[in-house]
Amino acid sequence: MFLRLCQTNELVQETSARENAQLYIRRAKRNAKQYSRSRDERCAFLCGNAGIYAVSAAISDLMQKADTLQQDLNNFEQGFEACKPVNFSRYGSDELLVGRGGYLSGMYWLNKTLRPKPFSGEAIIELCESIVQSGRQYSKAKRCSFPLMYQYHSTEYLGAAHGLSGIMHMLLESPWFSTDPNYAIPIPKDYEADVRNTIDAFLALQDREGNFPCDMENATYGNGVNNLVHWCHGAPGAIYLLIKAYIVFKEEKYLVACQRAADLVWHKGLLFKGPGTCHGVAGNGYVSLVMYRLTKNPKYLYRAVQFANFLMRPEFLQYARRPDCPWSLYEGLAGTVCYLIDLLHTETAAFPFMDVF
């Protein structure tokens with residue numbers, strides 16, 4: 001949050017953003033040391049050490065501290081070899097919060113944030129190949145109807161945080177699907193077929209209202225009612241895969257699915273679970289903000305502003321739950337501040353670490 005404030009001219013001085021960014025990241029790195037021997041922690045981006053060192057690298061770069069920047073990158077890179085084995089974690093190796101998909105998200109973000117880019121396309125593809133092999137192995141072992149499928153703690157999740165849509169999104173961000181000739185790397189035809197067919201099988205699960213099931217058990221044996229409208233589970237997180245698929249494949253069906261998902265979030269996305277991005281108001285507001293960036297349709301900007309206004313409504317202030325981590329990026333107010341910053345700069349607005357453009 002303070003890094004984002006550092007990048008916002010209107011607020012950088014008023015919030016002492018530079019001082020606070022350095023203060024908080026120093027504390028985080030002290031805490032990270034006690035977990036540095038854990039392979040899973042070295043790989044974990046959104047909920048572990050890899051994320052701490054990635055954000056620290058961006059802060060070090062901003063502060064022009066070259067030595068600290070290199071140390072941060074070295075520490076981040078410790079996760080690369082750890083998460084390259086196809087099944088490095090028995091709990092599930094590929095999701096975003098602690099798995100390989102999240103580590104890829106960190107690599108993409110650092111490549112967008114730092115110059116020169118610290119990671120080659122070839123290095124990124126090594127992890128993408130592990131993700132494809134992991135999905136193939138699990139799908140074959142469980143006789144899944146999807147070419148690629150994944151589990152986290154023995155559940156076949158479909159959402160952005162732990163499941164299929166987040167993992168597929170990270171593959172679409174890779175050099176395999178890049179239009180930049182200096183970055184693109186040809187994808188094997190069988191890999192491309194598996195990725196596209198998996199995305200289309202996921203798309204077929206969208207219900208009449210525009211939502212998606214939480215997991216494959218719900219998709220197969222549920223009653224057809226998908227009640228979770230969160231970034232972590234449901235349409236608010238799936239929309240990033242759909243937008244990226246539309247950008248990459250240029251097929252209208254993905255845009256139509258995005259519009260249906262966005263309309264659902266507008267009608268059912270004013271949550272009382274908290275203000276944050278994972279399963280809160282800000283996370284659902286980002287759906288309208290990213291749709292505005294994609295389409296330039298002013299109705300989406302109007303909706304994005306109304307989600308922000310809801311945070312100040314008496315009903316929300318009185319009845320909203322207090323998150324377990326009320327100041328955090330995903331549950332709490334840090335993520336909310338990032339959303340409000342993005343309302344000031346809609347041309348670059350992006351859900352944290354999931355920029356599809």
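Predicted model: local features only at pLDDT ≥ 70, side-chain atom pairs only at ≥ 80, totals over all residues.

Q: Thanks. Which elements give two or more residues to the lining of the second largest pocket, and which residues lie nearest its centre?
A: The lining of the second largest pocket has 21 residues, and Lys 112, Glu 173, Ser 178, Tyr 183 and Lys 244 lie nearest the centre. The elements giving two or more residues are α6 (100–113) and α11 (235–249). A pocket, on a 1 Å grid over the protein atoms alone, is an open set of points where a 1.4 Å probe fits, with protein on both sides within 12 Å along at least five of seven lines; lining residues have an atom within 4 Å of a point.

Q: What volume does the second largest pocket have?
A: About 490 Å³, taken as the space filled by probe spheres set on the grid points, which are joined across faces, edges and corners.

Q: How do the lining residues divide by class?
A: Ten are nonpolar, four polar and seven charged. Ala, Val, Leu, Ile, Met, Phe, Trp, Tyr, Cys and Pro count as nonpolar, Asp, Glu, Lys and Arg as charged, and the others, Gly among them, as polar.

Q: On to packing: at what angle do α9 and α11 cross?
A: Helix α9 (residues 189–203) and α11 cross at roughly 130 degrees, and their axes come within 12 Å. Axes are lines fitted to C-alpha atoms, for helices over the stretch in contact, and angles run from 0 to 180 degrees between N-to-C directions. The two helices are therefore oblique to each other; angles under 35 degrees count as roughly parallel, over 145 as roughly antiparallel, 65 to 115 as roughly perpendicular and the rest as oblique.

Q: Which residues make that contact between α9 and α11?
A: From α9 there are Arg 196, Ile 199, Phe 202 and Leu 203, and from α11 there are Ala 238, Leu 241, Leu 242, Ala 245 and Phe 249. Contact means heavy atoms within 4.5 Å. By class, eight are nonpolar, no residue is polar and one is charged.

Q: How about α13 and α14, what angle do they pack at?
A: Helix α13 (residues 281–295) packs on helix α14 (residues 298–310) at about 160 degrees, with the axes 8 Å apart. α13 and α14 are therefore roughly antiparallel. Their contact residues divide into ten nonpolar, four polar and one charged.

Q: And where do α4 and α5 meet?
A: Ala 50, Tyr 53, Ala 54, Ser 56, Ala 57, Ser 60 and Asp 61 in α4 meet Thr 68, Leu 69, Asp 72, Leu 73, Asn 75 and Phe 76 in α5. That contact has seven nonpolar, four polar and two charged residues.

Q: Switching to the backbone, which residues does a cis peptide bond join?
A: Arg 115 and Pro 116, with omega about -5 degrees. Pro 116 is found in the loop between α6 and α7 (121–142).

Q: Last one: what phi does His 153 have?
A: His 153 has a positive phi of about 50 degrees, although it is not a glycine. His 153 lies in the loop between α7 and α8 (164–172).

Methods. Residues numbered from 1 in each chain as written. Heavy atoms only, no water. Helix = DSSP H or I, 4+ residues; strand = E, 2+ residues; numbered from the N terminus.
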